[in-house]
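Morning, everyone. Please have a look at the chain on the screen, and then we'll walk through it.

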Amino acid sequence: MQNLVQTNHAAWLAKHGGIRPKNPQSTHTAVALTQLDQYRDNWALIDERLT
């Protein structure tokens, strides 16, 4: 999930010259619901991290 957010944010910044045009201090980013499908009910991800 963290990688998804970082990748989306970096891609968005790349489209805008590396700087947020309205508020350069903002770290807001968005994730499309379709990008989360791979995590839905995938409890094995949590099990892997806890063991």
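Which residues form a nonpolar patch on the surface? They are W43, L45, I46 and L50, with about 450 Å² of accessible area together. Patch residues have over 30% relative accessible area and no salt bridge, and nonpolar side chains (Val, Leu, Ile, Met, Phe, Trp, Tyr) are joined within 5 Å. A salt bridge is a Lys or Arg side-chain nitrogen within 4 Å of an Asp or Glu carboxyl oxygen. Areas are Shrake-Rupley values with a 1.4 Å probe.

A word on the source. This is a predicted model, where local features need pLDDT of at least 70, side-chain atom pairs need 80 or more, and totals for chains, interfaces and linings use all residues. Numbering runs from 1 along each chain as its sequence is written, and side-chain values use heavy atoms, leaving out hydrogens and water.

I46 sits in helix α2. Helices here are DSSP runs (H or I, at least four residues). I46 is partly exposed, because its relative accessible area is 41%. Buried means under 20%, exposed over 50%, partly exposed in between.

Now D41. This residue lies in the loop between α1 and α2 (44-50). D41 is not a glycine, yet its phi is positive, about 55 degrees. At 62% relative accessibility, D41 is exposed.

Next, α1. Its buried residues are L4, N8, H9 and L13. After α1 comes G17, with a positive phi near 70 degrees.

Note on methods:
Buried means under 20% relative accessible area, exposed over 50%, partly exposed in between (1.4 Å probe, protein chains only). Helices (H or I, at least four residues) and strands (E, at least two) are DSSP runs, numbered from the N terminus. Patches are made of residues with over 30% relative accessible area and no salt bridge: like charges are joined within 9 Å, nonpolar side chains (Val, Leu, Ile, Met, Phe, Trp, Tyr) within 5 Å.
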